Each structure stands twice: as C-alpha cells, then as structure tokens.
Amino acid sequence: MRYIRNLWLIIIFVLVLPSAAEAQEDMTVEEELDSTYTAIEDHMQLFQEELIQLNALSRFRMDIDMEMPLTEPLLDAVSGRLKSLTAALNSFSTRWDTYSAAQQVYIADNDSLLNQVAIIQQMRQTVADTLAARQQQRDHLVAFSTAEKFIWGHDKNYRELYQQALGYSISPKLAAKLEKVKAEEQTLTGDIQKYYGQAKEAAEAFPGLQLRMKAMEKKVFELQTVSAKIQEMAYKPFIQRIKDYLLGLAAVAIILMCLNLLNSKIKLLKQAREQAQKMKGMMNGQHNYPTI
C-alpha cells in the first residue's frame with residue numbers, strides 16, 4: 001500500500017514539475033520585459049531633458065533699437081549661436097533616430113513608450129521651428145545692415161553722376177556719354193530699390209528699426225529726385241537754356257508774389273475781424289461815452 005502511494009506521489013511530482021518550471025520561466029520573461037521598458041523610458045527621459053534645454057537656448061532675444069549698431073561682430077555672434085544650436089539639434093536627431101529605430105520592437109508594443117515618442121518628436125519639431133525663425137530674423141538683420149551701407153554709401157555716387165550728366169548735356173556730340181551715364185544711374189537705382197525693399201521687410205519684422213527705416217526712406221527719396229533729374233538731362237541749345245532759366249526765375253517770382261498776396265489777405269482779414277469785435281463791443285455798451 002505504501003508503495004502504491006509513493007508511486008502516485010512520484011507521478012504527481014513528475015506532472016506538476018514542468019508546469020511550475022514553465023510558470024517560473026514566464027515570470028522571469030515578464031520581469032525582464034518590464035525592466036527593458038523601464039530602461040527605454042528612462043533613456044527617453046534623458047532625450048526629453050536635452051530637448052528642453054535646447055528649446056530654452058533657442059529662444060534667445062533679438063531686440064534691436066536705434067542705439068544698437070548692426071555691426072559685423074554682433075551679426076557674427078548671432079550667426080555663431082545659431083550655428084552651434086543647429087549642430088546640437090542635428091546631433092540630437094541622429095542619436096534619437098538611431099536609438100528609437102533600434103528599440104522599435106519594444107516601443108510598438110507599449111503605449112506609454114509610444115506616447116513618449118510622440119512627445120519627443122513634437123518637441124524636436126518645436127525646436128527646429130524656433131531655430132528656423134531665428135535664422136530668418138538674422139537674415140533680416142543682415143539684409144537691413146547691407147541696405148544701410150549700400151544706400152548711404154552711394155550718396156556721393158549720385159552727386160558725381162549728376163555732375164557728369166550735366167557736363168555731357170552741353171553738347172550734342174556728348175550724347176553717347178550722357179546715355180551711358182543714364183544707364184549706369186538706372187542700374188544703380190535698381191539696386192537701391194532692391195535693397196530698400198529688403199530693409200523695409202526687415203523693419204516690419206523688427207519694430208526697433210522703424211526710426212532707421214524713416215531715415216533711409218528720406219535718403220531714398222532724395223536719391224530718386226536726383227535720379228529723375230539725371231534721366232531728364234538732354235542737350236539744349238544755349239538760348240533754350242537761357243529761356244528755361246528765365247522761366248524758372250519767373251515761376252519762382254510768381255510763387256513768391258502769390259505768397260505775398262495770400263499773406264496780405266490774411267492780414268486784412270485779421271484786421272477786419274478785430275475791427276468787427278471792437279464794433280460789437282461798442283454796440284453792447286462796453287464803452288462809456290461822454291454826456292452833456
């Protein structure tokens with residue numbers, strides 16, 4: 001009887017042992033998987049922290065005002081900072097793409113990790129967009145600085161072109177040279193307009209440049225006036241020049257006469273109004289008259 005009972009115990013042990021071993025093995029695999037998920041999530045957290053730091057660094061201020069000259073060292077400093085941040089973002093992207101691809105099997109099977117991936121991708125795009133906006137702002141500043149130098153630097157050139165055109169207009173034999181000066185001036189005017197447009201766009205992006213923009217607009221208007229005079233230059237006989245000069249003097253005299261007449265009328269109207277006020281006061285009994 002004892003033999004039979006021992007036999008049954010041996011049979012039961014043999015049947016139960018594989019199931020227990022399988023359960024123990026399943027528990028070990030699950031624990032290892034959880035540990036892998038945790039390690040991946042911890043690594044992703046490090047990536048997030050790096051992106052948070054890059055995002056903070058990319059949001060540096062770029063305030064420009066009238067007192068701040070757009071010098072090359074300043075623009076170079078901005079360019080250097082953008083270059084450094086862009087390199088850091090590219091390095092991050094390389095490392096992140098490599099890591100996330102290597103862990104794709106685990107990430108696809110875990111909702112928490114998928115959410116972490118979505119967060120990191122969005123943060124990376126935010127940093128990239130911020131750096132792109134800063135790069136555009138830097139380009140605006142460079143364009144405005146270049147426009148300032150070009151427009152103010154060609155003030156002397158316009159005066160020289162005007163004097164040349166004036167000299168070539170005294171003789172019909174110099175017509176070819178006059179046309180050459182006009183063509184040169186038109187090319188310069190085209191460049192002025194191009195740089196002026198770039199400066200205007202930059203001033204819209206940076207309100208602190210508005211005062212500089214107004215000064216530039218005034219200078220461009222002056223250059224356009226000289227440009228119109230150069231383009232109007234043409235040979236005229238001496239007699240015609242004298243006539244034009246006299247007509248100019250006559251026009252100025254007429255304008256002055258009109259201004260003098262207008263001034264006289266204003267004075268007469270002012271005196272008439274004062275007399276009317278005095279008369280009104282007398283009619284209202286504001287003055288004492290002598291009595292007999």
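L33, V105 and Y106 make up a nonpolar surface patch whose members together have about 270 Å² of accessible area, where a patch joins nonpolar side chains within 5 Å among residues with over 30% relative accessible area and no salt bridge, and the areas follow the Shrake-Rupley method with a 1.4 Å probe. The model is predicted, so that local features need pLDDT of at least 70 and side-chain atom pairs count only at pLDDT 80 or more, while totals for chains, interfaces and linings use all residues. Residues are numbered from 1 along each chain, and side-chain values use heavy atoms, without hydrogens and water.

V105 belongs to helix 3 (residues 104-108), helices being DSSP runs (H or I) of at least four residues.

A search of the whole structure finds 8 salt bridges, each defined by a side-chain nitrogen of Lys or Arg within 4 Å of a carboxyl oxygen of Asp or Glu. Three of them are listed here.

| Pair | Closest N to O distance |
|---|---|
| R159 and D155 | 3.1 Å |
| D155 and K219 | 3.3 Å |

K219 is buried at 9% relative accessible area, whereas D155 is partly exposed at 22%; buried means under 20%, exposed over 50%, and partly exposed in between. K182 and E179 both lie in helix 6, 3 residues apart, about one turn of the helix. K182 is buried, with 10% relative accessibility, while E179 is partly exposed at 46%. Through shared partners, salt bridges join D155, R159, K219 and E222 into one network.

Definitions and conventions:
Patches are made of residues with over 30% relative accessible area and no salt bridge: like charges are joined within 9 Å, nonpolar side chains (Val, Leu, Ile, Met, Phe, Trp, Tyr) within 5 Å. Helices (H or I, at least four residues) and strands (E, at least two) are DSSP runs, numbered from the N terminus. Buried means under 20% relative accessible area, exposed over 50%, partly exposed in between (1.4 Å probe, protein chains only).
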